[in-house]
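I opened this model to look up its salt bridges and what surrounds them. My notes follow in the order I took them.

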Amino acid sequence: MPRGDQSDHVESAAYPPLSLLCACRAGCGAGADPRTRDPPKWKVSILCPTTPKRRKFHGLLVDNWRVQDYDGEVELVVYDTGPGGPSEVLEASGCDYTYAADCVLSLGEKRQVVTDRCTGDVCVLMDDDNIYHPSYVTTMVRHLFDSGAGLVALKGWLELHAISQKVFRIEGNRGTSRGETMVHLHPRHLEPRYGSRAKYPKLNVGEEGAFVRWFKCHELDDDRGLFVHVSHGQNCASQALWGLAEVDVPPAVLSLIHISEPTRLRRISYAVFCLK
């Protein structure tokens, strides 16, 4: 896809100064149409496919949803498949939760199910085993609107090794944005010739590639923990698979994560212990 570059520095009032280096990728799809100073009050749908095997992370997912400071409606839509019974945590959370014990679908197919099921104007992909800062949705939706793109995602992020508790910054390459950081207009808001073709393929890894090609994309480089990917040994994919680099993080950044996210770090430690 043809690409054009730009850079920005933004600060979030709800978080210590956040430097995001931005790069636009001009895709073939439609984007947002910024016509006013403030973004519209889009309804946001947080989407997450999961399985009973990841049940110990479900409390973390609910926390990540509930702490968001977005000034608008935010729903959580979860599709849970496989043997093991429904998640008590998700059932009690009040989210839009569906459990299908006998359903066998790829990750891409499950992402398509929650995309079709949700009612939001903007879709926010979240995995159940990561940390999303309270200002995550607000910041990403702001970039979606300001950039005029149809999809934003992170190409650089922080990585927490759950067992060692060490944090690294992952330096990505253009086009290697993490799928669980994708925030995009719902395909129904794209031009019909694009929206009708924006579908996830039947893949368990790399399912985002065929989907994002129908959007104009805006990539962000997060260096302050807006999103923290948790590496716990049973991830579907890793930065090593993509050939991305680990860079040491200054102690000050690490302390910000531990101070601002103590509850979720405890949830991660417990979940990783249960996975051993």
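I started with aspartate 127 and arginine 111, whose side chains meet in a salt bridge at 3.5 Å, N to O. This is a predicted model, and I read the distance as a computed one. The two residues are 16 apart and link distant parts of the chain: aspartate 127 is in the loop between β6 (122-125) and β7 (131-132), and arginine 111 is in helix α3.

Is aspartate 127 buried or exposed? I found 16% relative accessibility, so aspartate 127 counts as buried, the cut-off being under 20%. Arginine 111 is buried as well, with a relative accessible area of 4%.

Next I noted a network: salt bridges that share partners join Lys43, Glu73 and Glu75.

I then went back to helix α3, which spans residues 107-117. Its buried residues include Leu107, Gly108, Lys110, Arg111 and Val114. I asked what the buried residues of α3 pack against. I found β3, β4 and β6.

From β4 I picked threonine 81, which lies in that strand. Threonine 81 is buried, with a relative accessible area of 6%. Its side chain and that of lysine 110 are joined by a polar contact of 2.8 Å. Lysine 110 is itself one of the buried residues of α3. Leaving aside neighbours within four places in sequence, I listed the contacts of threonine 81 as Thr50, Thr51, Pro52, Ala100, Cys103 and Lys110.

Arginine 117 was my next stop. Its side chain meets that of aspartate 96 in a salt bridge at 2.8 Å, N to O. Arginine 117 lies in helix α3 and aspartate 96 in strand β5 (residues 96-100), so this pair ties together parts 21 residues apart in sequence.

How many salt bridges does a search of the whole structure find? I got 10. One of them I wrote down separately: aspartate 71 and lysine 41 meet through their side chains at 3.8 Å, N to O. Aspartate 71 sits in the loop between α1 (58-66) and β4 (74-81), and lysine 41 in the loop between β2 (20-25) and β3 (44-50), so the pair ties together parts that are 30 residues apart in sequence. I checked the surface last, and both aspartate 71 and lysine 41 are exposed.

Conventions:
Residues are numbered from 1 along each chain as its sequence is written. This is a predicted model: local features need pLDDT of at least 70, side-chain atom pairs count only at pLDDT 80 or more; totals for chains, interfaces and linings use all residues. Side-chain values use heavy atoms; hydrogens and water are left out. A salt bridge is a side-chain nitrogen of Lys or Arg within 4 Å of a carboxyl oxygen of Asp or Glu. Helices (H or I, at least four residues) and strands (E, at least two) are DSSP runs, numbered from the N terminus. Buried means under 20% relative accessible area, exposed over 50%, partly exposed in between (1.4 Å probe, protein chains only). Contact means heavy atoms within 4.5 Å. A polar contact is a pair of N or O atoms within 3.5 Å; within protein, one must be able to donate a hydrogen and the other to accept it, and residues adjacent in sequence count only if both atoms are side-chain atoms.
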